[in-house]
Amino acid sequence: MSRARFGVCLVAFLLLARPALAHHSFGAEFDANKPITLTGVVTKVEWTNPHSHFSLAVKDDKGRTVTWVLTGYTVNALYRTGWKKDVTMKVGDTVTIFGWRARDGSNSAHARDVTFADGKKLYYGPPAGTGEGGPTPAVKVP
Amino acid sequence: MTRLALASIIAIAIGCSACAPPASTPQDAKASAPADGVPRTADGKPDLTGVWQGGNGRKGSWEEANSGLGVGGTGADPAAPANPASQQVITEPAPYKPELAARVLESFNKRGIDDPAGLCLPLGVPRLALVGLFPIQIVQTPTQVVILHEYMSVFRVIPLNAEHRTDVGPTYMGDSVARWEGDTLVVDVTGFNDKGWLSGTGTFHSDALHVVERYTRVNKDQIDWEITMEDPNVLTKPWTVKTTLMLREGTRLQEYVCAENNVETAHYEKILKEGVPYRR
């Protein structure tokens with residue numbers, strides 16, 4: 001296969017291959033261009049479907065305590081990622097999260113990972129942009 | 001006495017030395033282990049029995065295949081990128097009728113916020129098995145194949161060499177019957193409702209949808225899964241997607257109750273109503 005033809009085929013493959021559905025709508029609600037790191041105290045843990053949540057009391061730059069809501073995997077995925085309900089994360093724990101902020105500017109984010117006080121780090125959610133339909137639509141755009 | 005030694009003695013006792021299992025699971029105890037790695041049932045068919053993961057082409061156990069990279073990242077290294085193998089190969093763009101393609105594009109531009117998955121409903125065929133974070137389990141017998149989906153706790157009971165049933169209405173997962181074509185299991189699915197997506201954001205369909213799946217176990221670890229979708233109400237011609245199911249030995253299915261405490265539906269409706277700048 002010539003280099004030019006290989007290039008055409010590669011482009012075609014990249015256009016037509018898309019990530020498998022993992023979770024819906026993370027990419028709609030949260031902005032992959034707005035990464036954020038937060039450290040705070042856990043105030044609430046919700047093992048809910050289709051996405052889990054927890055709340056974090058975070059001191060802002062003026063010293064005020066602000067509550068952030070973090071969104072992540074569904075419950076089954078958390079179990080397979082190494083989480084244990086009521087054991088891995090408890091109210092009162094101090095943790096650091098990395099994630100991406102909500103598009104509406106509210107104090108909520110999609111958390112990719114959580115680092116605990118002992119240094120242990122676990123995934124809490126999928127990569128940025130998950131569930132927003134991939135880079136190209138399923139139909140050809142004229 | 002080890003379980004393996006015990007199983008070997010039992011295999012010899014029943015006069016089937018080829019049945020001596022290499023491992024200790026019931027699945028392996030049932031299957032032989034030919035050179036191509038494809039286990040076969042007593043009637044000579046490829047044995048599809050096992051726990052499988054769609055949407056992730058990496059070989060290995062669930063932990064091996066999803067650690068570090070992960071489909072959406074179920075693993076030990078949060079810094080790692082998304083799994084590049086977590087892709088399905090679409091042979092062509094979905095061939096929607098020109099006047100309907102805009103509806104698919106609109107969902108894409110909304111970043112899939114109108115995804116039926118947010119409503120905790122079964123996602124249909126083939127989309128349900130493409131949810132990479134959730135395994136499926138295939139149970140094969142000489143007369144039927146059962147597919148258990150952890151996601152939404154959905155099952156498919158697929159009789160072999162049977163006619164489609166006529167005593168049911170349209171459903172999310174449709175009505176499936178199967179037959180063997182050589183070493184490929186061909187599943188014919190009709191009787192869908194019009195509430196799901198095919199594969200990809202916004203790929204709506206009508207109740208005229210007809211799906212033909214072809215499952216070919218090519219080695220111990222992999223089933224090639226080809227899906228052809230026909231819907232004369234929305235598509236101009238059949239649409240084919242090629243992907244894989246990967247064996248995840250040691251993985252066991254869990255209960256999944258999506259509807260309990262589902263806060264997402266109201267949340268997404270609120271986002272849609274209030275016009276948060278989610279659009280592309």
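Mentor: Let's begin with a pair of residues: B:Trp225 stands opposite B:Thr243 in S10(B). Keep in mind throughout that this is a predicted model.

Trainee: What makes S9 of chain B and S10(B) a pair of strands?
Mentor: Two strands pair if there are at least two bridges between them. Strand S9 (residues 222–230) of chain B and S10(B) share eight bridges, in the antiparallel sense, so by that cut-off they pair.

Trainee: What joins strand S1 of chain B to S10(B)?
Mentor: Three bridges do, and these two strands also run antiparallel. S1 covers residues 50–54. On this side, B:Gln53 stands opposite B:Met246 in S10(B).

Trainee: Why is S10(B) called mostly covered?
Mentor: Seven of its nine residues are buried. A residue counts as buried if 20 or more other C-beta atoms lie within 10 Å of its own.

Trainee: Which residues have the most contacts inside the largest nonpolar core?
Mentor: They are A:Leu70, A:Ala109, B:Trp52, B:Tyr96, B:Val104 and B:Val145, in a core of 73 residues. Strand S10 (residues 239–247) of chain B gives the most to this core, with five residues. Apart from it lies another core, of five residues, including A:Ala28, B:Tyr268, B:Ile271 and B:Tyr278.

Trainee: What does B:Val145 touch, leaving aside residues up to four places away in sequence?
Mentor: B:Val145 touches B:Leu48, B:Ile138, B:Gln140, B:Ile158, B:Ala178 and B:Leu185.

Trainee: How do you know that the length of H4(B) agrees with its number of residues?
Mentor: At 1.5 Å a residue, its twelve residues should span 16 Å, and the end C-alpha atoms are 17 Å apart, so the two agree.

Trainee: Which residues of H4(B) are buried?
Mentor: B:Ala101, B:Val104, B:Ser107 and B:Phe108 are buried there. Seen down the axis of H4(B), the buried residues fall within an arc of 115°, so they line one face of the helix. B:Val104 is also among the residues with the most contacts inside the largest nonpolar core.

Trainee: What follows H4(B)?
Mentor: B:Arg111 does, and its phi is positive, near 60°. B:Arg111 is not a glycine, and it is found in the loop between H4 and S3 of chain B.

Trainee: Is B:Arg111 buried or exposed?
Mentor: There are 23 other C-beta atoms within 10 Å of B:Arg111. The cut-off is 20 or more, so B:Arg111 is buried.

Trainee: What is the phi of B:Met152?
Mentor: Phi of B:Met152 is near 70°, a positive value in a residue other than glycine. B:Met152 is found in the loop between strand S4 (144–149) and strand S5 (154–159) of chain B. With 21 other C-beta atoms within 10 Å, B:Met152 is buried.

Trainee: Where are the cis peptide bonds that you wanted to show me, starting with the one at B:Pro126?
Mentor: That one joins B:Val125 and B:Pro126, with omega about 10°. B:Pro126 is in the loop between helix H4 (98–109) and strand S3 (136–140) of chain B. In chain A, the peptide bond from A:Asn49 to A:Pro50 is cis, with omega near -5°. A:Pro50 is found in the loop between strand S2 (30–46) and strand S3 (52–59) of chain A.

Trainee: Why is A:Ala111 called buried?
Mentor: A:Ala111 has 28 other C-beta atoms within 10 Å, so the label buried applies. A:Ala111 lies in strand S6 (residues 108–115) of chain A. A:Ala111 touches residues beyond its sequence neighbours, among them A:Leu70, A:Ile97 and A:Tyr124. A:Ala111 and A:Val69 are 42 residues apart in sequence and 9.3 Å apart in space, C-alpha to C-alpha.

Trainee: How much of chain B counts as buried?
Mentor: Of its 280 residues, 42% do. Chain B has five helices and ten strands.

Trainee: What is the mean pLDDT of chain A?
Mentor: The mean is 82, and 82% of the residues of chain A reach 70 or more. Over residues 1–22 of chain A, however, the pLDDT is below 50, although this stretch has 38 contacts in the model beyond near neighbours in sequence.

Methods
Residues numbered from 1 in each chain as written. Chains lettered and ligands numbered in written order. Predicted model: local features only at pLDDT ≥ 70, side-chain atom pairs only at ≥ 80, totals over all residues. Helix = DSSP H or I, 4+ residues; strand = E, 2+ residues; numbered from the N terminus. Buried ≥ 20, exposed ≤ 12 C-beta atoms within 10 Å, placed from the backbone. Contact = placed C-beta atoms within 7 Å. Expected span 1.5 Å × (residues − 1). Arc of directions from axis to C-beta. Core = buried A, V, L, I, M, F, W, Y, C linked by C-beta atoms within 7 Å. pLDDT = per-residue confidence, 0-100.
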